[in-house]
Amino acid sequence: LRWVAVGMAAFLVNMSTQGVLLGLQRHAIRNLIEISSLVLRVGVVVVLFALNGPSLEYLGVGFLAATLLRLSASLGVLHRVAPELKVRPVAISWTRFKELLSFGSHSLLWVATKRAIQETGPVIAMLLFGPVMATYLYLGTRLANAVGGLIITGGTVFIPLASSMTAGDDQANMRGVFLRATRFCALLALSGGACLVLFGQPVLDVWVGPGYEFAYTVLVIVTASMVIPWAFQAADGMFKGMRLLRPLTLLSLSQLVVVLVVAPLLGWIAGPTWFVVGLFAPIAVTFVAWMPAMASRHLDVDVGTLVRESVPGPLLVAGVVAVCGLGLQHIWTPDHVVVLVLECAAVLVVFATLTLLIGLDQRSRDVAWGWLRSRRPAG
């Protein structure tokens with residue numbers, strides 16, 4: 001805990017630098033820093049485990065190492081790309097403080113409600129059904145979050161973009177960006193969900209061994225419930241950038257209240273499977289109820305247009321990805337980590353290819369192909 005405490009202090013200091021990098025549209029650098037810190041964290045833990053044996057202390061050391069890398073790299077990048085920015089205490093006006101407090105208090109509620117739903121689920125499951133069911137719930141949700149976390153992080157990219165467009169009163173292009181971004185998140189959500197359902201049980205067998213079939217059931221329920229919220233992550237980020245803070249906060253609070261009431265009630269009446277349904281299905285229902293309505297009100301995007309632009313292409317790509325995954329599993333059973341990695345990599349290649357060919361809208365496809373051509377070596 002001491003290692004983690006120091007790491008959390010550095011993490012909190014680094015939040016401002018991460019926000020500045022996003023505001024400067026340095027998304028590629030910021031993502032590279034995040035990936036590098038994750039690789040360092042895993043490497044430190046693996047090396048320490050191999051040299052000295054497993055220990056919770058080494059997990060804390062890995063967290064601290066990753067956080068320090070993230071902080072030092074972010075400060076270095078800021079010094080290079082924006083040398084006029086200095087990290088130092090400064091005086092702040094009352095008006096600016098109220099603006100920061102406004103967004104900060106809403107952000108705190110978003111994070112708090114999300115963490116409350118995630119953390120109380122295993123606790124309630126343990127109280128209702130015992131530690132075994134709580135473990136199943138933890139494993140299933142943890143595996144689903146491996147995909148969902150990537151999509152949610154990607155949605156934050158659209159916060160500064162929407163903020164810049166709002167400040168420039170660029171409403172004409174905001175609608176198009178919203179539709180293209182939602183389509184891209186739908187691609188990730190549907191294909192990622194298909195891969196979770198296909199490879200979830202083999203991953204659990206490799207990760208923790210046989211006997212965790214109910215953890216896979218949890219994974220399927222979580223994936224089915226979260227596909228729609230994942231698809232709306234770009235919309236969520238854009239609405240935050242547009243400063244639509246109050247409706248998003250009400251959305252988060254309504255999710256928390258419904259989940260904490262419905263999930264224990266369903267679990268007590270119908271058992272652990274329905275407890276998991278009650279824990280995640282309300283999130284999907286509230287997203288369906290809120291997000292299209294907000295898009296229609298603030299961006300003049302009706303539900304029919306949203307469905308036509310965001311569903312057919314991603315659904316077709318997800319279907320082909322699922323068929324390819326099933327075919328690979330039929331040819332070569334993924335009962336070993338090497339086979340599992342190879343098959344997942346093959347499915348990822350299929351997804352990337354189909355995304356470039358048919359998944360993206362024409363404008364995004366032209367941008368992607370132009371970027372790929374610019375990367376080819378001359379001659």
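Let me begin with Arg-243, which is found in the loop between α9 (233-241) and α10, where helices are DSSP runs of H or I with at least four residues, strands are runs of E with at least two, and both are numbered from the N terminus. What we are looking at is a predicted model, in which local features need pLDDT of at least 70 and side-chain atom pairs count only at pLDDT 80 or more, while totals for chains, interfaces and linings use all residues. Residues are numbered from 1 along each chain as its sequence is written, and side-chain values use heavy atoms, with hydrogens and water left out.

Coming back to Arg-243, its phi is near 65°, a positive value in a residue other than glycine. Arg-243 has a relative accessible area of 43% and is therefore partly exposed, given that buried means under 20%, exposed means over 50% and partly exposed is what falls in between, with a 1.4 Å probe and protein chains only. Another residue other than glycine with a positive phi is Asp-300, where the angle is near 55°. Asp-300 sits in the loop between α11 (272-299) and α12 (303-310), and because its relative accessible area is 58%, Asp-300 is classed as exposed.

Now to the helix pair. Helix α7 (residues 171-208) packs with helix α14 (residues 337-359) at an angle of about 165°, their axes being 11 Å apart; the axes are lines fitted to C-alpha atoms, for helices over the stretch in contact, and the angles run from 0 to 180 degrees between N-to-C directions. The two helices α7 and α14 are therefore roughly antiparallel, a label for angles over 145 degrees, whereas those under 35 count as roughly parallel, 65 to 115 as roughly perpendicular and the rest as oblique. On the α7 side, the residues making the contact include Leu-187, Cys-195 and Phe-199, and on the α14 side they include Leu-340, Cys-344 and Phe-351, contact meaning heavy atoms within 4.5 Å. What is the make-up of the residues of the contact of α7 with α14? They divide into 13 nonpolar, 3 polar and 2 charged, where Ala, Val, Leu, Ile, Met, Phe, Trp, Tyr, Cys and Pro count as nonpolar, Asp, Glu, Lys and Arg as charged, and the others, Gly among them, as polar.

Next, some individual helix positions. Thr-17 belongs to helix α1 (residues 2-23), and with a relative accessible area of 5% Thr-17 is buried. Its side chain is joined to that of Asn-14 by a polar contact of 2.5 Å, that is, a pair of N or O atoms within 3.5 Å, of which, within protein, one must be able to donate a hydrogen and the other to accept it, residues adjacent in sequence counting only if both atoms are side-chain atoms. Arg-70 lies in helix α3 (residues 56-81) and is buried, with a relative accessible area of 13%.

Finally, Gly-155 is part of helix α5 (residues 131-155), and its relative accessible area of 2% is why Gly-155 is called buried. Not counting residues up to four places away in sequence, Gly-155 touches Gln-233, Ala-234 and Gly-237, and its C-alpha atom is separated by 9.4 Å from that of Ala-231, 76 residues apart along the chain.
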